[in-house]
Amino acid sequence: MQDGKHVILCIDDDVDILESLKVILEAGDYQVRTASSASEGLKMVKEVSPDLIIVDLMMEEIDSGTQFVSELQASGQHVPIYMLSSTGDSLQGMIDYEQLGLAGVFQKPLDPDYLLKLLKSKLK
Amino acid sequence: MTREPGNHTPIPMEQELQARLAWFISLRWFAGAGIIVATFLVSLIILPELPVKPLYAVGLFVLLYNLAFCLYLSRTGGFEFHTRQFILTQIGLDWASLMIVMFFSGGIRSPTSILLVFHLFIGAILLSRRACFLLTGCAVIILGVLAVLEETKIIFPPSFQETQQLTLMAPFTPHAIWFGISSFLAVTAYLATSITVRLREREKALFASEQALQNVNHDLEALYHLGRVVNSKLDIEQVLGMIAENATILLGMKACFIRLLDKSKANLSIAAAYGFSEAYQNKGPVKVGQSEVDLEALQGRVVQVLEVGDDYRFIYRQEARKEGLRSMLCVPVESMSGVLGIIRVYSAEPHLFTDHEQKLLSNMANLGAVAIENARSYSELQNLNKEKVWFARMTHHQLRSPLAAIQGVIDALPYAGTLNDKQVELITRARRRIRDVFDLIKDFLDLAAAQRLREPKTEKTVLLTTVLQKAIETARDNAHSKKINLVIDIQPQLQLTIDPEDLERIFSNLLGNAVKYTPTGGHVTFHASRSDEGVVTTVSDSGIGIAPEDMDNIFTGFFRTKEAKASGEIGTGLGLSIVKTLVDRLGGYLSVQSQPGHGTTFTVIFPETVTVRHTNA
């Protein structure tokens, strides 16, 4: 929490997607922090202690999203993580999201309303 | 079957001879018996003074030596049938018997002299012309002796003066009779041998042409078989290996190799070899300029060399001699695109290659050329296809990210501040077009995937209900929101051996279209069952239908009917062309029936025996 608002960390290598997410989340009254890579994301987690993380599955490297998640779990941080995945990413069938410890998956293109509703129920 | 170098005595003629000899032996029984019976009758009816005892003795003698022949043959199993000695023994004994009969039945005036003619014919058939004339000469001499005997009155028994009254030759002198009979014999011998000589020649020619025909037939069969192999296998090494082997064996050679030009066209490397020792084979690529023989062949000419070890055109003369290679025939391997290489056969003995052999080798070289072109075309095809699929995938992937970004930004607009109605409308327009582009690039990828070469390894036997689950669910969701009644009727346990992705693509398109182009409250039915023709599936709807004039175009890429566009539903126009490409590739059957305003039914039949196209053998 910061200034009474929940802090959400968004990690995606596409700067425009990050910006869109920021606009939507700020409209939902959240504090938004962004990172453009998995390594940057890990650093930011330590810095800002987010209440929730949204991370893209495919960044510069394949599976960088899942790598980020496992590394984070390993370091003992317990923050709800949501993954952004594109339809047609055939990895869908191959990753056990529950085993990975994800709180959920959003399909791209995001539905902003749906996103905000879900976050509201998750972050009371 | 290999060709024998040189010629044997032709086998059918030997068999002919054996048959004739067997026949003569059986005739001899009659001859022996005939002598006895004739003697008996003549002595009884005509001439009581006939010296019957000697004549009976000769008859018996004939029967006895015939028996000896039979026993001899049964012991040797008939293999000695045609030896010269056996024939001469038979003839000798026959003639001796005849002479004795003649002597005791009247000497030169004996009517049995006519039997000489019969024996001459036998001689002409069994023996060569020279031998037959020799026999005739002997006969003439013996007859002469008989004539002299009568003339000088040494002839006995004297009671035979009476026979002179009985024969036609009574008024003539012994000399005259002798001369008459001898001339007759000579002419007969000449005529008989002329006929048989000509017959034999004909037989030989016929046999030779039969042999030649058999050889040609055999060659054709081998070529046919090889042709089929070439058509059914794409493993070029295997095919060329078989050609080298077959060329060697068919031509009765020792060894063969096929060398092909490399990309630079400056070297010839061995593509296949047969019959060489390890050491000789591993000689590595040869520079084209090095070998005159190769140069000539590469120009399209056939080259033969009689003695490889001595010919200056050969670089490795020593090795060739050691390897036991004597003569060589070299022909080019030529295809439509030019000379691809050369094929050479080597013989173990010096050999002059006939026209026929050259043609045969050229034919095999042609088969090799075809096989090579096939293999090259196929691999080029595969490469092109891989490139195409890669390109489609890259396009899809690369276009998606920026599109997703655009979509994200547009979706975020309403959250960056309050929008007026006009702004909202504009955003909606933009959103729709972005969705269009997403659909389009997905369809592009699907189309590229549909057009790829078929890979049997991606096919498996699957249950329709399992593979189509997602497509059906999506259709159900869409149908539900449009209040369309969707009926799914799939025969239980219905299976297909197919790439599951292909199956999914076909029906997600067909079902998607059916729901899309059916107005609210309509119905869509998906039916699938097995019949004699295979698995028959139909997707029918009560939708907008297809106008008859559009029927031919609906499977064309990017085509959308007026009705489809007017329906307000979005579509890329690629869906049906994807379906058609997929069904065609699977060897299936696709048809459509429709009435504008009433509905459409698509039928897809997956054949029982999946036809094979574009496969690796």
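Is Ser49(A) buried, partly exposed or exposed? In this predicted model, Ser49(A) counts as partly exposed because 13 other C-beta atoms lie within 10 Å, and a residue is exposed at 12 or fewer.

**Backbone details in chain A**

Let's stay with Ser49(A) for a moment. This serine belongs to the loop that links helix H2 (38-48) to strand S3 (52-56) of chain A. Asp29(A) is another non-glycine residue with positive phi, and it sits in the loop between H1 and strand S2 (31-35) of chain A. Asp29(A) is classed as exposed because it has 11 C-beta neighbours inside 10 Å.

| Residue | Phi |
|---|---|
| Asp29(A) | near 70° |

Pro109(A) lies in the loop between strand S5 (104-108) and helix H5 (112-122) of chain A.

**Where the chains touch**

Chain A brings 12 residues to the contact and chain B brings 11 residues. On the chain A side, the most comes from helix H1 (residues 15-27), with 6 residues. That side of chain A is made up of 7 nonpolar, 2 polar and 3 charged residues.

**The sheet of chain B**

Chain B has an open sheet of 6 strands with antiparallel pairing, in the order S3-S2-S1-S6-S5-S4. Strands S3 (286-287) and S4 (303-305) of chain B are at the edges; each has a single partner strand, so one side of each lacks a neighbour in the sheet. Helix H8 (residues 236-250) of chain B packs on this sheet, touching S1, S2 and strand S6 (338-346), and its direction makes about 65° with that of S2(B). Within the sheet, S1 (residues 255-261) and S2 (residues 267-274) of chain B are paired over 6 bridges, and Phe257(B) is opposite Ala273(B) in S2(B). Helix H12 (residues 355-412) of chain B lies across S1, S5 (328-335) and S6, at about 35° to S5(B).

**Helices of chain B**

Helices H15 (residues 469-481) and H16 (residues 500-516) of chain B pack with axes 9 Å apart, at an angle of about 10°. This angle makes H15(B) roughly parallel to H16(B). The residues of their contact comprise 7 nonpolar, 4 polar and 1 charged. Among those in H15(B) are Ile472(B) and Ala475(B), while the H16(B) side includes Phe507(B) and Leu511(B).

Finally, helix H2 (residues 52-76) of chain B has buried residues including Leu55(B), Val58(B) and Val62(B).

Notes: Residues are numbered from 1 along each chain as its sequence is written. Chains are lettered from A and ligands numbered from 1 in the order in which they are written. This is a predicted model: local features need pLDDT of at least 70, side-chain atom pairs count only at pLDDT 80 or more; totals for chains, interfaces and linings use all residues. Axes are lines fitted to C-alpha atoms, for helices over the stretch in contact, and angles run from 0 to 180 degrees between N-to-C directions. Helices (H or I, at least four residues) and strands (E, at least two) are DSSP runs, numbered from the N terminus. Angles under 35 degrees count as roughly parallel, over 145 as roughly antiparallel, 65 to 115 as roughly perpendicular and the rest as oblique. Two residues are in contact if their C-beta atoms, placed from the backbone, lie within 7 Å. Ala, Val, Leu, Ile, Met, Phe, Trp, Tyr, Cys and Pro count as nonpolar, Asp, Glu, Lys and Arg as charged, and the others, Gly among them, as polar. A residue is buried if 20 or more other C-beta atoms lie within 10 Å of its own, exposed if 12 or fewer, and partly exposed in between; C-beta atoms are placed from the backbone. Two strands pair if DSSP finds at least two bridges between them.
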